[in-house]
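I opened the notebook to work through one protein model, one item at a time. The sequence and the structure come first, then my entries.

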Amino acid sequence: MFGGAVFPAGGPARCPLQCFRHLSPRESRYLVTATLRLPTLCSLISPHNKMSSLLQIIDLHDPVEFDELLHQRDLCGWDKMASDIEAWRTAMDAGTRAMFWIVPPSLAHLPLPDRCAGHIALVSEMSPPNEELARPDKSILYLSSLFIRPEHRGGLGRKAVQALESWAKVPPYGSPHCEAITLTALDRRYTEDDSEEWGGVWARFGQQAPKKGSSTEDWYARMGYVKWKSQPMFDEQFLDGTKIKLVAAFLRKTLRE
């Protein structure tokens, strides 16, 4: 993830530079009737409803929700094709990906899609498989695709991540036996180190270096996510056409029982 969001479950292989701007970390009552759609019902029955009501299950078989997610991905700048959303829908149908709208209380009274301030996902199978990041038994889940619309930034991303941590324990999206949530983020050295190898890459992308202290890795670290390794992962290209594989930080947070 670049600047406040994590990479998609289709293999964390791309790290579009637009995301640093879009994803800066500066950033019930229950009435259930037989007419409720399953995603709506599931958003109501979470055992942690006060926090988890911030997140509502996305139904990508609903054309309105499909189009809204496509629009938000276009704003994000990566995984923005209809084919990407269709692949996510297939994974959701297979139970290997759960996607949620981020709905702050101030927007909860509005209809779809007006109440959707962003989205976030939990993934249980990576492609290619990587059981360090996610496991089919959902004992480890991967946090993916966090995006907040620009007009709603300023603390909502943190609240969404905290809410997602509670959903990680809720079947069928997570598991009571989920031990940890993982994610990948751009290594903080691209923000904190001024050397040519790290902070120097921004000029070669035609971008201004981000402000020190604003790295995504540090943003997640402040929420208890701990890095266990770094390795080259994200394919990018400089303005002169030179290809580079940017270094990712692998982070993990152990969930309390």
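**Entry 1: strands**

In which sense do β4 and strand β5 pair, and over how many bridges? I found that β4 and β5 (residues 180–186) pair in the parallel sense, over three bridges. I took helices (H or I, at least four residues) and strands (E, at least two) as DSSP runs numbered from the N terminus. Two strands pair if DSSP finds at least two bridges between them. In this pair, Y142 stands opposite T182 of β5.

I noted how the model was made before going on: it is predicted, local features need pLDDT of at least 70, side-chain atom pairs count only at pLDDT 80 or more, and totals for chains, interfaces and linings use all residues. Residues are numbered from 1 along each chain as its sequence is written, and side-chain values use heavy atoms, with hydrogens and water left out.

I then looked at the other partner of β4. Strand β3 (residues 118–123) pairs with β4 in the antiparallel sense over five bridges. There, L122 has L143 of β4 as its bridge partner. I also checked the cover of β4 (residues 140–148): nine of its nine residues are buried. Buried means under 20% relative accessible area, exposed means over 50%, and partly exposed is in between (1.4 Å probe, protein chains only).

**Entry 2: the hairpin**

I followed strand β6 (residues 226–237) next, and found 10 bridges joining β6 to β7, with the two running antiparallel. V226 is paired with R252 of β7. Five residues lie between the strands of this hairpin, and G241 takes a positive phi near 95 degrees there.

**Entry 3: whole protein**

I counted nine helices and seven strands in the protein. Of its 257 residues, 54% are buried. The accessible surface comes to about 11,800 Å², and carbon and sulfur atoms hold 54% of that surface. Such areas come from the Shrake-Rupley method with a 1.4 Å probe; for residues, only the protein chains shown count as cover.

**Entry 4: backbone**

I kept a general rule in mind: most residues other than glycine have a negative phi, and most peptide bonds are trans. Which residues does a cis peptide bond join? P113 is in the loop between β2 (97–102) and β3. Another joins P171 and P172, again with omega about 0 degrees, and P172 lies in the loop between α6 (156–167) and β5.

I looked up positive phi values too. D79 is not a glycine, yet its phi is about 50 degrees. D79 sits in the loop between α4 (63–76) and α5 (82–94), and counts as buried because its relative accessible area is 5%. K138, also not a glycine, has a phi near 65 degrees. K138 is in the loop between β3 and β4 and is buried at 12% relative accessibility.

**Entry 5: salt bridges**

How many salt bridges does the structure hold? I found 11 of them, a salt bridge being a side-chain nitrogen of Lys or Arg within 4 Å of a carboxyl oxygen of Asp or Glu.

E151 and R149 form one, at 3.1 Å from N to O. E151 is exposed at 52% relative accessibility, whereas R149 is buried at 17%. R189 and D187 form another, with their closest N and O atoms 2.9 Å apart. R189 is partly exposed at 33%, and D187 is buried at 1%.

For D194 and K212, the closest N and O atoms are 2.6 Å apart. D194 lies in the loop between α7 (189–192) and α8 (201–204) and K212 in the loop between α8 and α9 (216–221), so the pair ties together parts 18 residues apart in sequence. D194 is exposed at 62%, and K212 is partly exposed at 44%. I also noted a network: salt bridges that share partners join D187, R189, E217 and K227.
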